[in-house]
Amino acid sequence: MISENRPRKLICLTGFMGSGKSTAAGLLARQLGWQHVDLDKRITDATSLSIPEIFSRMGEPEFRRVEHEQLRRVVGESLESQKARVVSLGGGTISQPVNLALLRETGAVLIWLQCPIEELLLRCATVTDRPLFRDETSFRMLYQQRLPAYESADYRVDSSGEPARVVEQILALGIFPRVVA
Ligand code: S3P
């Protein structure tokens, strides 16, 4: 549970590939009148490359370096600005200890969009822009590896349903009233 005095102006949605982070973050931000920042979009804007291009041309370590750099920027902007933000992280962002530590230092509130692996598989099988979705076995293994990081989030909501339902559950957590947007 988060402490009462943690500034709630930086909410980050985490979860595995296909858990609906970007869609839910966009909807949530709109309902709250907050800004939505999508970390993958920041990465593609900064590099002028798509996520698959970054992985194929430069490899995952370079992707993680850029991801961390962009997360630092997003966090820095949030500290400087009074504007509240909802950030959709990438599926692997908080499994990098340095990123999790940064978010913890900043006082960001982490919400895990939890979804059954079978549903995640169905959602990701039809989309081709995820370089870490190779086959079912490696997908399941990666999910298992990442569970401890997701479980360290402050809150979890079920994201197996419609995005609007996910947002309803986040709003029902009761963590927003004290935020100055
Ligand atoms: C990744 C998930 C992707 C993207 C990149 C790496 C991961 O984001 O950041 O392909 O490590 O799980 P989504 O979770 O939005 O698909």
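Colleague: Where does Asp-154 sit?
Modeller: This is a predicted model. In it, helix H7 covers 136-151 and strand S5 covers 155-158. Asp-154 belongs to the loop between H7 and S5.

Colleague: Is Asp-154 buried or exposed?
Modeller: The relative accessibility of Asp-154 is 15%. Buried means under 20%. Asp-154 therefore counts as buried.

Colleague: Which side chain makes a polar contact with the side chain of Asp-154?
Modeller: A polar contact needs N or O atoms within 3.5 Å. Here the distance is 3.1 Å. The partner of Asp-154 is the side chain of Arg-104.

Colleague: Next, the strand. Where is Ile-111?
Modeller: Look at residues 109-114. They form a strand, and Ile-111 is in it. That strand is S4.

Colleague: What is the relative accessibility of Ile-111?
Modeller: The cut-off for buried is under 20%. Ile-111 counts as buried, because its relative accessibility is 0%.

Colleague: How far apart in space are Ile-111 and Cys-12?
Modeller: Along the sequence, 99 residues separate Ile-111 and Cys-12. In space, their C-alpha to C-alpha distance is 6.2 Å.

Colleague: Where is Gly-15?
Modeller: Strand S1 spans 10-14, and helix H1 spans 21-32. Gly-15 is in the loop between S1 and H1.

Colleague: Which residue is 98 residues from Gly-15 in sequence and 5.1 Å from it in space?
Modeller: Gly-15 itself is buried, at 0% relative accessibility. The 5.1 Å is taken C-alpha to C-alpha. The residue is Leu-113.

Colleague: What is the relative accessibility of Met-17?
Modeller: Met-17 is in the loop between S1 and H1. Met-17 counts as buried, because its relative accessibility is 8%.

Colleague: How far apart are the C-alpha atoms of Met-17 and Pro-148?
Modeller: The two residues are 131 residues apart along the chain. Their C-alpha atoms are separated by 15 Å.

Colleague: Is Ser-48 buried or exposed?
Modeller: Ser-48 lies in the loop between helix H2 (39-47) and helix H3 (51-58). Its relative accessible area is 64%. Exposed means over 50%. So Ser-48 is exposed.

Colleague: What is phi of Ser-48?
Modeller: The value is positive, and Ser-48 is a residue other than glycine. Phi of Ser-48 is near 55 degrees.

Colleague: How far apart are the C-alpha atoms of Phe-176 and Glu-67?
Modeller: Phe-176 is in the segment after helix H8 (163-171). Phe-176 counts as buried, at 9% relative accessibility. Along the chain, Phe-176 and Glu-67 are 109 residues apart. Their C-alpha atoms are separated by 27 Å.

Colleague: Now the ligand. Which residues come nearest to it?
Modeller: There are 13 residues around the ligand. By class, five are nonpolar, three polar and five charged. Those that come nearest are Lys-21, Asp-40, Arg-64, Arg-130 and Arg-146.

Colleague: How far is a polar side-chain atom of Arg-146 from an oxygen atom of the ligand?
Modeller: The side chain of Asp-40 has an N or O atom 2.7 Å from a ligand oxygen. Gly-92 has a backbone N or O atom 3.4 Å from a ligand oxygen. For the side chain of Arg-146, the distance is 2.6 Å.

Colleague: How much of the ligand does the protein bury?
Modeller: Taken alone, the ligand exposes 380 Å². Of that area, the protein buries 95%.

Colleague: Which pocket does the ligand take?
Modeller: The ligand takes up the space of a pocket. That pocket is the largest.

Notes
Residues are numbered from 1 along each chain as its sequence is written. This is a predicted model: local features need pLDDT of at least 70, side-chain atom pairs count only at pLDDT 80 or more; totals for chains, interfaces and linings use all residues. Side-chain values use heavy atoms; hydrogens and water are left out. A residue is near a molecule or strand if one of its heavy atoms lies within 4 Å of it. A polar contact is a pair of N or O atoms within 3.5 Å; within protein, one must be able to donate a hydrogen and the other to accept it, and residues adjacent in sequence count only if both atoms are side-chain atoms. Accessible areas come from the Shrake-Rupley method with a 1.4 Å probe; for residues, only the protein chains shown count as cover. On a 1 Å grid over the protein atoms alone, a cavity is a set of points where a 1.4 Å probe fits but cannot get out, and a pocket is an open set with protein on both sides within 12 Å along at least five of seven lines; lining residues have an atom within 4 Å of a point. A molecule sits in a cavity or pocket if more than half of its atoms lie within 2 Å of its grid points. Ala, Val, Leu, Ile, Met, Phe, Trp, Tyr, Cys and Pro count as nonpolar, Asp, Glu, Lys and Arg as charged, and the others, Gly among them, as polar. Helices (H or I, at least four residues) and strands (E, at least two) are DSSP runs, numbered from the N terminus. Buried means under 20% relative accessible area, exposed over 50%, partly exposed in between (1.4 Å probe, protein chains only).
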